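Please look through the sequence and the model shown below, keeping both at hand while reading.

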Amino acid sequence: MSDKPLIPFSEPPYLAGLPSPYYSPSHLKWQKACRAFVDENLNQYALDWEKEEKVPPEVFQKFAAANMLIPTLPAPLPVEWLKRLGVHDILGAVRVEDWDYLHTAIYTDEMSRSGLSGPGASLTTGMSYGVPPIIKFGSQGLQERFLPDLLLGRKRICIAITEPDAGSDVANIQTSAVKTDDGKHYIVNGAKKWITNGIWSAYATMAVRTSGPGPAGLSLLLVPLLDHPGVSMRPLKCSGQASSGTTYIELDDVRVPVSNLIGQEGMGMKYIMTNFNHERLIIAVGVTRGARVALAAAFEYCLKREAFGMTLMDQPVVRHRLAKCGAMLESQWAWIEQFVYQMTRLSKVEADIGLGGLTALAKAQAGIVLDECARCAVLLFGGNGYTKTGQGEIVERIYRDVPGARIPGGSEDVLLDLSVRQLVKNYKNKTKLLERPRGSPKL
């Protein structure tokens with residue numbers, strides 16, 4: 001047990017001195033190095049940058065120079081590529097070949113420790129979700145052309161799936177990519193909306209329609225953005241995550257080389273779905289830390305705020321609220337730790353099949369937990385929790401981030417339904433394997 005007093009719920013149990021079966025010395029060493037870097041270069045300024053609605057460009061450059069964008073990639077890391085580019089370890093704490101999903105979860109948790117989603121997302125979203133399809137499915141030629149600049153942070157990228165009329169309904173995407181008569185280019189027309197990091201990105205890993213309706217007509221294309229003819233972008237104002245660079249992208253006869261196709265035509269839906277698993281897990285980890293910050297802030301406030309002749313903490317109804325949210329928070333974190341550990345023991349294929357539905361459920365539940373904890377914090381802060389400045393400003397900001405946790409990456413109701421459908425599908429596939437072929441003897 002740690003002798004250092006911590007506000008209850010302010011840290012995961014493994015950082016509060018309690019034993020855990022999950023974290024090795026490598027993970028603990030990484031957590032210390034990661035916290036020191038992220039606190040110095042991000043978290044101490046995060047609230048101010050969120051108010052200003054922009055993280056200074058030099059912060060991205062600082063993270064890139066330290067190879068501190070790479071940890072947001074899916075584990076295992078692209079070791080061969082990283083070593084070709086001279087990246088052998090992260091902060092001198094972990095060799096790239098030793099990296100696993102627990103290291104990734106620690107990084108995501110630390111990047112979210114301000115409680116705010118926007119500042120961290122402004123740095124990592126493009127790398128986290130835009131680069132993996134190129135690594136997993138891109139041709140060698142495509143990788144050679146783009147990965148060096150992207151992995152080292154010399155160029156920025158975003159993931160562009162959502163459209164004004166197609167969000168969670170990915171199969172209904174309408175942005176078209178039609179080949180020219182000479183077969184050398186795609187002509188892309190359409191619009192993308194709510195694209196995080198888009199406004200700063202040189203490229204987008206973009207879902208486009210290359211053939212008929214439905215999922216079979218979708219492909220992934222690496223589309224140039226900044227200063228490219230036919231592309232116009234403008235920032236979108238959202239209720240939360242103000243600094244994350246949410247963008248509306250319009251594409252008017254944009255010429256893209258056919259060699260920028262990621263993988264094969266018509267395989268876009270499959271690629272997107274496997275990419276979503278990483279995205280949803282990252283969101284779940286970060287959102288759970290946001291809930292932790294909100295609840296811990298409320299707990300600390302209730303210890304000192306007095307009303308009716310006693311502190312708020314002396315009121316049974318207040319303790320009841322904190323207890324209910326604390327149970328939800330720590331149950332969610334325990335599930336995430338278990339989930340991430342399972343990722344370290346399963347292959348990518350096994351995890352996609354066995355954990356795909358549960359990933360959707362974990363992400364949806366994380367949003368529900370954040371909603372409960374943030375709402376509880378605002379109520380306990382009272383007027384201070386409803387004010388954009390002063391003692392309650394952090395919980396006021398976190399509460400505005402709640403829709404950004406429950407909608408992106410698949411809206412909550414869609415994910416709850418998807419999780420059960422995927423579990424049913426897996427169950428039926430397994431029971432079919434047990435069925436006796438027709439005509440075979442009973443014994």
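A disulfide is taken here as a pair of cysteine sulfur atoms within 2.5 Å, and by that criterion the structure holds zero disulfides. C238 is in no disulfide, the nearest cysteine sulfur being that of C158, 14 Å away. C376 is likewise in no disulfide, although the sulfur of C325, the nearest one from a cysteine, is 3.9 Å away. For solvent exposure, buried means under 20% relative accessible area, exposed means over 50%, and partly exposed lies in between, with a 1.4 Å probe and protein chains only. C238 counts as partly exposed because its relative accessibility is 36%, whereas C376, at 3%, counts as buried.

This is a predicted model, in which local features need pLDDT of at least 70 and side-chain atom pairs count only at pLDDT 80 or more, while totals for chains, interfaces and linings use all residues. Residues are numbered from 1 along each chain as its sequence is written, and side-chain values use heavy atoms, with hydrogens and water left out.

Helices (H or I, at least four residues) and strands (E, at least two) are DSSP runs numbered from the N terminus, and two strands pair if DSSP finds at least two bridges between them. Strand β4, residues 176-179, pairs with strand β5, residues 185-195, in the antiparallel sense over four bridges, and S176 has N189 in β5 as its bridge partner. These two strands, β4 and β5, form a hairpin with five residues between them, and in the turn G183 has a positive phi of about 75°. Strand β5 also pairs with strand β9, residues 247-257, again in the antiparallel sense, over eight bridges. Within that pairing, I187 is bridged to R255 in β9, and I195 is bridged to T247 in β9. Strand β9 is in turn joined by five bridges to strand β8, residues 231-235, and the two run antiparallel, with R234 standing opposite Y248 in β9.

A nonpolar core is a set of buried Ala, Val, Leu, Ile, Met, Phe, Trp, Tyr and Cys residues joined through side-chain atoms within 4.5 Å. The largest such core has 104 residues, of which W30, F63, M68 and L123 touch the most other members. Helix α9, residues 268-304, gives the most to this core, with 19 residues. Apart from it lies another core, of 18 residues, among them A160, M206, L221 and V223. Contact means heavy atoms within 4.5 Å, and, not counting residues up to four places away in sequence, F63 touches F37, V38, N41, L42, M68, L69, M111 and L123.

T124 is placed in helix α6, residues 117-130, and it is buried, with a relative accessible area of 11%. Leaving out residues up to four places away in sequence, T124 touches T72, Y107, M111 and N197. From C-alpha to C-alpha, T124 and K62 are 13 Å apart in space, and they are 62 residues apart in sequence.

E393 belongs to helix α12, residues 393-406, and it counts as buried because its relative accessibility is 16%. With residues up to four places away in sequence not counted, E393 touches L47, K51, N384, T387 and K388.
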